[in-house]
Amino acid sequence: MQNLTEIVYFVLGAYGDIGHLKYLYFSIMLLWYLSICVANTVLIVVIYVDRRLHEPMYILLCNLFVNEISGSTSLYPLMLSQMLSVTHEVTLPWCFLQMCYIYTSASVEFCSLAAMAYDRYVSICYPLHYNVIMNTGRVALIILLIWIYSFVNFIFSLSFIFSLKFCGNVIEKVFCDHHLVMKLACSVSILNNISDLLFAFVTVVLPFSLVSFSYIKILAVCLNTSKENKQKAITTCTPQIVSVSNMFVGCIFHFIESRLDVAYVPAKVRVILSVYLLICQPMITPFMYGFNFPKIRQSCKRYLFDRK
């Protein structure tokens, strides 16, 4: 039986041998990663430069764009290097670092969407008190708490893995997955399983509950308001509903692929399902929120195309 001191690396077994196609896949994923960085960076810069966008909703959006770049960076650099690798090995410290990076970014994403849903709830349900409740200082504090909450949350869950002894080192995924790493342990205590479930609860269930509560309240108010206000509410809330729905679908894919026996599913489909969220969400966000919002779209045109 192997112990922790003997296993110094994990093997990401989902890459397999794709021959010369790896150069094509590498080029596609590199282009996609650069596109994500460019699209989100443009919106971050526009919001920072245009003082008219220094409002709570756009500051929260800016935080979301930063997290899209952060979450993508947790996956793509290692994935790109592994595509050109022969052994697909990753050392334990790098694997733990990637897990921390990915799952912290996922938590930040859900919490940021919850904060934005609360912002819309206050704006639509309590418009006269909006500037008092959602001032710039309070929004900055909310963003800080989101990052601290997400980081501490996963570090607590990750701390239970450090003492584990591993009897295997092959992770059937293209990145280091928390649950699959635990399955490689020689024995897993009840505390490890509880910490895994607790992390899922505070990362997904709590923010999703807040989002649901906010939109139920918004819907109740919209049913008793004018057609113009209904249209405005729909315009601002639709991107958030789409993002939350996409995150929820992505989490379902991740849960099924990590915890259930899906050996009958083709390997390429399993890979796509496992990285669906990290591939689609970072590109959906800038187009659903940024370029779709009239004020941001106008600012982009003004700063990028109308300057003489």
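Is C176 buried or exposed? Select C176 to begin the tour of this predicted model: the residue is buried, with a relative accessible area of 0%.

**The disulfide of C167 and C186**

Next select C167 and C186, which form a disulfide with their sulfur atoms 1.8 Å apart. Here the torsion about the S-S bond is about 110 degrees, so the disulfide of C167 and C186 is right-handed. C167 lies in the loop between α5 and β3, and C186 in the loop between α6 and α7 (190-222), so the pair ties together parts that are 19 residues apart in sequence. C167 is partly exposed, with a relative accessible area of 34%, and C186 also counts as partly exposed, at 31% relative accessibility.

With both pairs on screen, the count of disulfides comes to two, and, with bonded cysteines counted along the chain, they follow the pattern 1-3, 2-4. Then select C37, which is in no disulfide and whose nearest cysteine sulfur, that of C62, is 15 Å away. C37 is buried, with a relative accessible area of 18%, whereas C280 is partly exposed, with a relative accessible area of 24%.

**Helix α2 beside helix α5**

Now turn to the helices. Two packed helices are described by the angle between their axes and the distance between the axes. Select helix α2 (residues 56-83) together with helix α5 (residues 136-158), which pack at an angle of about 25 degrees with their axes 9 Å apart. Angles under 35 degrees count as roughly parallel, and α2 and α5 are therefore roughly parallel to each other. Their crossing is right-handed. To see the contact, show the side chains of P56, I59, L60, N63, N67 and S70 of α2 along with T136, V139, I143 and W147 of α5. The residues of this contact between α2 and α5 divide into six nonpolar, four polar and no charged.

**Helix α2 beside helix α9**

Keep α2 in view and select helix α9 (residues 267-290), which packs with α2 at an angle of about 155 degrees, their axes 10 Å apart. That angle makes α2 roughly antiparallel to α9, and the crossing of these two helices is left-handed. On the α2 side, the residues making the contact include L61, L64, F65, E68 and G71, and on the α9 side they include V275, L278, I279, Q281 and P282. By class, the contact of α2 with α9 has eleven nonpolar, five polar and one charged residues.

**A last stop at S105**

Finally, select S105, whose place is in helix α3 (residues 92-125). What does S105 touch, leaving aside its neighbours within four places in sequence? S105 is in contact with N67, S70 and G71. Of these residues, N67 and S70 also belong to the contact of α2 with α5, while G71 takes part in the contact of α2 with α9. S105 is buried, with a relative accessible area of 5%.

How values were computed
Residues are numbered from 1 along each chain as its sequence is written. This is a predicted model: local features need pLDDT of at least 70, side-chain atom pairs count only at pLDDT 80 or more; totals for chains, interfaces and linings use all residues. Side-chain values use heavy atoms; hydrogens and water are left out. Axes are lines fitted to C-alpha atoms, for helices over the stretch in contact, and angles run from 0 to 180 degrees between N-to-C directions. Helices (H or I, at least four residues) and strands (E, at least two) are DSSP runs, numbered from the N terminus. Angles under 35 degrees count as roughly parallel, over 145 as roughly antiparallel, 65 to 115 as roughly perpendicular and the rest as oblique. A crossing is left-handed if the near helix is turned anticlockwise from the far one by less than a right angle, and right-handed if clockwise. Contact means heavy atoms within 4.5 Å. Ala, Val, Leu, Ile, Met, Phe, Trp, Tyr, Cys and Pro count as nonpolar, Asp, Glu, Lys and Arg as charged, and the others, Gly among them, as polar. Buried means under 20% relative accessible area, exposed over 50%, partly exposed in between (1.4 Å probe, protein chains only). A disulfide is a pair of cysteine sulfur atoms within 2.5 Å.
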